[in-house]
Amino acid sequence: PSAYNNSIEYISIQSTGNAFDFGDLSSANKGAGATLANETRAVCGGGLGSPINIGSMDFFTIANPTNTTAANFGDLINQIRNLTSLANSTRGIFAGGTYAPGSPGTHFDTIQFITIATAGNATDFGNMQSGRRDSAALSSSTRGIIAGGNPGTGPQVTDEIDYITIASAGDAQDFGNLTNSEREIGGAA
């Protein structure tokens, strides 16, 4: 536990090199949270926090590495960890996850959204095809994809791929399947 920290680091994508100190989250994050961003602002939500405030979100302005503490954005619908996230230039999406204080049988199918430019609590967007944690997510300006994950306790995995239209709330639809069942994977688009 003493190894957990609240640091935010940044790199310049256009050049190679080491990361630099950007600032700090409002609490030491013990992991399993999710982060999303648009061109201006990044929002971090969920995870196991210290002190325990696992339903909260922090935000910071990307262009301004001020070495200060991120500000409170609002609260997620659930106290949650192992969730995934995606965004377009306007709206941020958090999806899935498991109950953070340790109820291993609870895997959420909840999709929630925020308007990145306006601090406030997350709002219900709809539901994934099934509850799961440790999924990958990626997005374009119009569509979000949520793939794979753990639908239950233990080493279970799924090959499900869901999609949503980011601008309009509603339940996720079936996109297809991964070539293998996977969890704890990444996505980029």
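Accessible areas come from the Shrake-Rupley method with a 1.4 Å probe, and for residues only the protein chains shown count as cover. The model is predicted: local features need pLDDT of at least 70 and side-chain atom pairs pLDDT 80 or more, while totals for chains, interfaces and linings use all residues. Residues are numbered from 1 along each chain as its sequence is written, and side-chain values use heavy atoms, without hydrogens and water.

**View 1. The whole chain.** The accessible surface comes to about 9,400 Å², and carbon and sulfur atoms hold 47% of that area. The chain has 17 strands and zero helices (DSSP runs numbered from the N terminus: strands E, at least two residues; helices H or I, at least four). Of its 189 residues, 43% are buried, meaning under 20% relative accessible area with a 1.4 Å probe, protein chains only.

**View 2. Serine 139.** Strand β14, residues 136–139, contains serine 139. With a relative accessible area of 19%, serine 139 is buried. A polar atom of its side chain lies 2.7 Å from the backbone oxygen of alanine 87. Serine 139 also touches residues including Gly144, Ile166 and Ala189 (contact: heavy atoms within 4.5 Å).

**View 3. The largest nonpolar core.** A nonpolar core is a set of buried Ala, Val, Leu, Ile, Met, Phe, Trp, Tyr and Cys residues joined through side-chain atoms within 4.5 Å. The largest one has 15 residues, of which Leu36, Val43, Met57, Leu76, Phe94 and Ile114 touch the most other members. Strands β3 (34–37) and β6 (56–61) each give it two or more residues. Another core, of 12 residues, lies apart from it and includes Leu86, Ile93, Ile111 and Ile166.

Conventions:
Buried means under 20% relative accessible area, exposed over 50%, partly exposed in between (1.4 Å probe, protein chains only). A polar contact is a pair of N or O atoms within 3.5 Å; within protein, one must be able to donate a hydrogen and the other to accept it, and residues adjacent in sequence count only if both atoms are side-chain atoms. Lists of a residue's contacts leave out its neighbours within four places in sequence.
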